Amino acid sequence: MRPTAPGDLDYVLALEARPDYGAFIYRWPRAEHLAALDDPDYRHLLLCDAEGVALGFALLAGVTTSAGSVELKRIALDRPGAGIGRAVLPLLIDFALEDLGARRFWLDVFADNQRARRAYRRAGFIEESGGPNTMLRDGQEVPVIVMAVRRDAQSAAQQVPAR
């Protein structure tokens, strides 16, 4: 992971614009991504392989203003289903909980995005209870699920001996 640079935004915008992401990822204009690069409340991260080749990007929000609750606002991967998320999500969790000092790392996911929900569960995210949440998608209210990893739960999970 490294901070996204302005020169990386063509890649980011192209990734967001993929037709297979249209139902699950909001698209921002270049100006909004540029603003996030300079906003201390965001961490805009390019996800790269060992050789520095981009594999996707992640956008974290609430870094300075959320009272310890950092949001995974967006993640988009170049090759969904190729195992990249399985490798990257634990790194993002560690970054949020350890490096940024968050007590809670959360996201909302469209209820019909089964692939993402499975990936988040495998990484340790738990669906949080609460009232029904919705977000606008194509002009319609669509159910979303809030999922989170908490520092205290993550620490307890790491202390359980492996069998």
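These notebook entries record what I looked up in the predicted model.

**Basis.** I number residues from 1 along each chain as its sequence is written, and my side-chain values use heavy atoms, with hydrogens and water left out. Because the model is predicted, I require pLDDT of at least 70 for local features and 80 or more for side-chain atom pairs, while totals for chains, interfaces and linings use all residues.

**Largest pocket.** I took a pocket as an open set of points on a 1 Å grid over the protein atoms alone, where a 1.4 Å probe fits, with protein on both sides within 12 Å along at least five of seven lines; lining residues have an atom within 4 Å of a point. The largest pocket holds about 860 Å³ of space, the volume being that filled by probe spheres set on the points. I found 35 lining residues, with Tyr21, Ile75, Asn113, Ala116 and Tyr120 nearest the centre. Strand 4 (69-77), helix 3 (84-99), strand 5 (104-110) and helix 4 (114-123) each give two or more residues to this lining; helices (H or I, at least four residues) and strands (E, at least two) are DSSP runs, numbered from the N terminus.

**His44.** I located His44 in strand 2 (residues 42-48). Is His44 buried or exposed? I record His44 as buried because its relative accessible area is 5%, where buried means under 20%, exposed over 50% and partly exposed in between (1.4 Å probe, protein chains only). Its side chain makes a polar contact with the side chain of His33 at 2.8 Å; such a contact is a pair of N or O atoms within 3.5 Å, one able to donate a hydrogen and the other to accept it.

**Arg122.** I placed Arg122 in helix 4, and I record Arg122 as exposed, with a relative accessible area of 52%. Its C-alpha atom is 7.8 Å from that of Arg86, 36 residues apart along the chain.

**Aromatic pairs.** I paired rings of Phe, Tyr and Trp (its six-membered ring) with centres within 6.5 Å, calling planes under 30 degrees apart stacked, over 60 edge-to-face and the rest tilted. The count is three aromatic pairs. Trp28 and Tyr42 are edge-to-face, at 6.1 Å centre to centre and 80° between the planes. This pair links the loop between helix 1 (9-16) and helix 2 (30-38), which holds Trp28, to strand 2, which holds Tyr42. Phe105 and Phe125 are tilted, at 5.8 Å and 45°. Phe105 is buried at 0% relative accessibility, and Phe125 is buried at 2%. I note that Phe105, Tyr120 and Phe125 form one aromatic cluster.
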